[in-house]
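Here are my notes for your first look at this model. Please read them with the structure open.

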Amino acid sequence: MSDEGWRELDDEALERLLVERWLLRGATLAVILLAAIAATWIGSRGLETLMDHVTVGALVSLAVAAGVVGFTMRQEDLRMIRELRRRRASLRPPLP
């Protein structure tokens, strides 16, 4: 979906998109956790070879990249949530 393509969605479709993105952020969290566990396990054995160093570096890089993706997704989700709230507030009748 384009950067602002979600603005054309109706409320129900926007809610579904937010749930889908929430699940994707959960997957990025799982990647971060698995990379941290693997790097810790390899590090606890001792970094003896160049391949151990490269593997731990790759796992840490993967975790950081997944964190950046999750963070940027969250920022976009906040914009979506604000838009959804704005739409719902405009549909509410004014208070007496």
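1. The crossing of α1 and α2 is left-handed: the near helix is turned anticlockwise from the far one by less than a right angle, whereas clockwise would be right-handed. Helices are DSSP runs (H or I, at least four residues), numbered from the N terminus. The model is predicted, so local features need pLDDT of at least 70, side-chain atom pairs 80 or more, while totals for chains, interfaces and linings use all residues. Residues count from 1 along each chain, and side-chain values use heavy atoms, without hydrogens or water.

2. Helix α1 spans residues 11-45 and helix α2 residues 50-91. They pack at about 160°, with axes 8 Å apart. The axes are lines fitted to C-alpha atoms over the stretch in contact, with angles from 0 to 180 degrees between N-to-C directions. The two helices are therefore roughly antiparallel, a label for angles over 145 degrees.

3. There are nine salt bridges (a side-chain nitrogen of Lys or Arg within 4 Å of a carboxyl oxygen of Asp or Glu). One joins Asp11 and Arg87 at 3.1 Å, N to O. Asp11 is in α1 and Arg87 in α2, 76 residues apart.

Terms used. Parallel < 35°, antiparallel > 145°, perpendicular 65-115°, else oblique.
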